[in-house]
Amino acid sequence: MKQLLQLGLLAALIVGLTVAVQQAQAPAPSIAITLSKQSAEHWQVAYQSPQPVHQLVFIRNPDQSRQQRWLPLDSAFEMSLTAANEERIRRRDGALFEQVSLQLTPTYVALDKDYAPFSPFTDGGMAWFTGRFKVCPEHCDNSAAINYDFTMQALASDAIRIPAQQFTGTANWVEAADDGQVVYVGPQQQTDPFLDSVIDPGLPYALQTSLRYDLPPMLQYFAERLQPLAAPPILFASFSPTDDGRYGQQGGVIGRQLFVHWYGHSMHERMTEANFINDTLWFFAHEVGHLYQSNIYSNDDAWIHEGVAEFMAYDYLRASSGRDDYLQQRLAQAEQQCQTVASGGSAFAKHYSCGLLLAVTMHERLLQQHAAGLYRLWQAYKAVHEGGAPVDATTYLQVYQQLTDAASAAAIHQQLQQLR
Ligand SMILES: [Zn+2]
């Protein structure tokens with residue numbers, strides 16, 4: 001459970017990262033990045049810079065594992081660190097260069113506060129994250145001005161899937177420097193007209209079925225209470241075994257891509273754990289909940305969006321009957337976790353556990369005057385944000401007060417004070 005909780009936090013932090021925007025600056029240099037898959041185990045990346053550079057510096061540096069996992073094909077090059085501990089590629093002799101190619105290690109690793117670079121599927125498919133590959137010529141001070149011309153060269157039999165598009169064999173697309181997206185390369189074509197998904201056939205059949213059939217009603221449920229999504233989400237559910245006994249799951253959302261990767265020992269064994277399906281549904285409802293939050297996130301007040309996502313999971317599971325014991329357990333657990341915050345408990349406990357309890361309290365108070373409860377608050381919060389109000393606890397509580405009364409808002413404010 002602990003591990004799931006930590007991974008939930010990771011997903012939360014990742015959601016918080018999705019706010020970078022590209023500034024309009026001209027002219028935009030364009031860096032060509034070509035990934036090629038020669039076989040399931042052999043992947044390479046090639047960079048082409050528009051002008052000679054001394055180094056290509058990576059934008060995202062959650063750790064330094066590229067130094068072990070990426071190998072320059074030409075030994076004249078090396079992967080090393082800048083003075084600011086960013087990973088970079090350069091020539092050992094310090095000379096200028098325009099292109100470089102590296103051999104990759106296309107296996108699953110969980111990165112600290114960032115998306116996994118590669119999420120393998122047991123049928124040979126792969127979901128990879130484009131943000132991992134973005135570099136800047138010399139330094140990243142002006143990364144927002146850079147364009148990335150991506151090319152994916154896969155096997156002739158592979159489908160290449162990015163949002164709203166599917167290719168065979170080779171694909172090209174352009175991205176800005178912000179986050180990135182997940183690209184699927186593998187045998188699964190899009191065939192389900194109701195849900196754009198890539199589900200690992202190595203997952204237990206009951207779990208595959210749950211993913212296929214439980215997600216559409218979940219989307220419907222939230223669409224009825226908040227605004228329907230402009231385009232349906234895309235689900236990636238993958239699995240890879242480990243040989244060191246570690247197991248768990250990691251997931252999150254990027255744009256409208258929703259993904260989860262399970263890793264570790266037998267899924268069939270894990271599925272027999274009493275709460276596996278409920279925990280999985282909760283996890284998905286939480287992440288799907290974020291999709292409906294219209295990108296209104298405050299890193300300083302993460303208890304708002306995380307608490308509301310937890311509430312949405314709670315509310316959805318409550319609406320689908322027969323889970324009362326499980327939901328009581330979740331609330332009791334949240335109470336327990338939240339109590340640790342006053343004595344220095346984790347950010348997870350504050351944002352998720354206390355966030356859930358606060359959201360439930362607010363929902364119940366809102367229901368006295370508004371049939372949509374907390375969803376009504378979110379709609380109003382979104383409206384004032386669109387009118388120029390900052391995304392933070394002050395705005396949120398002001399909106400709450402307008403929908404309820406001063407005493408109710410003061411009570412929430414006081415509970416928050418105890419968490420600081
Ligand atoms: Zn979250």
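This is a predicted model: local features need pLDDT of at least 70, side-chain atom pairs count only at pLDDT 80 or more; totals for chains, interfaces and linings use all residues.

Q: How many helices and strands does the chain have?
A: The chain has 11 helices and 19 strands. Both are DSSP runs numbered from the N terminus: helices are H or I with at least four residues, strands are E with at least two.

Q: And how compact is the chain?
A: As compact as a globular protein of that length, because its radius of gyration is 23 Å, close to the 22 Å from the globule rule for 420 residues. The radius is taken over C-alpha atoms, and the rule is 2.2 Å times the number of residues to the power 0.38. The C-alpha trace spans about 70 × 45 × 40 Å along its principal axes.

Q: What share of the residues is buried?
A: 39% of the 420. Buried takes 20 or more other C-beta atoms within 10 Å of a residue's own, exposed 12 or fewer, partly exposed in between, with C-beta atoms placed from the backbone.

Q: Switching to helix 5 and helix 6: at what angle do the axes cross?
A: Roughly 125°, and the axes come within 8 Å. Helix 5 covers residues 276–291 and helix 6 covers 302–319. The two are therefore oblique to each other. Under 35 degrees is roughly parallel, over 145 roughly antiparallel, 65 to 115 roughly perpendicular, and the rest oblique.

Q: Which residues meet there?
A: Helix 5 brings residues including Trp282 and His286, and helix 6 brings residues including Met312 and Tyr316. Contact is C-beta atoms, placed from the backbone, within 7 Å.

Q: Now Val391. Where is it, and is it buried or exposed?
A: Val391 sits in the loop between helix 9 (374–386) and helix 10 (393–403). Val391 is buried, with 21 other C-beta atoms within 10 Å.

Q: What does Val391 contact?
A: Leaving aside neighbours within four places in sequence, Ile296, Tyr297, Ser298 and His385. The C-alpha atoms of Val391 and Ile304 are separated by 9.8 Å, at 87 residues apart along the chain.

Q: Last one, Ser294: where is it, and what is its phi?
A: Ser294 is in the loop between helix 5 and helix 6. Its phi is near 55°, a positive value in a residue other than glycine. Ser294 counts as partly exposed, with 16 C-beta neighbours inside 10 Å.

How values were computed:
Residues are numbered from 1 along each chain as its sequence is written. Axes are lines fitted to C-alpha atoms, for helices over the stretch in contact, and angles run from 0 to 180 degrees between N-to-C directions. Two residues are in contact if their C-beta atoms, placed from the backbone, lie within 7 Å.
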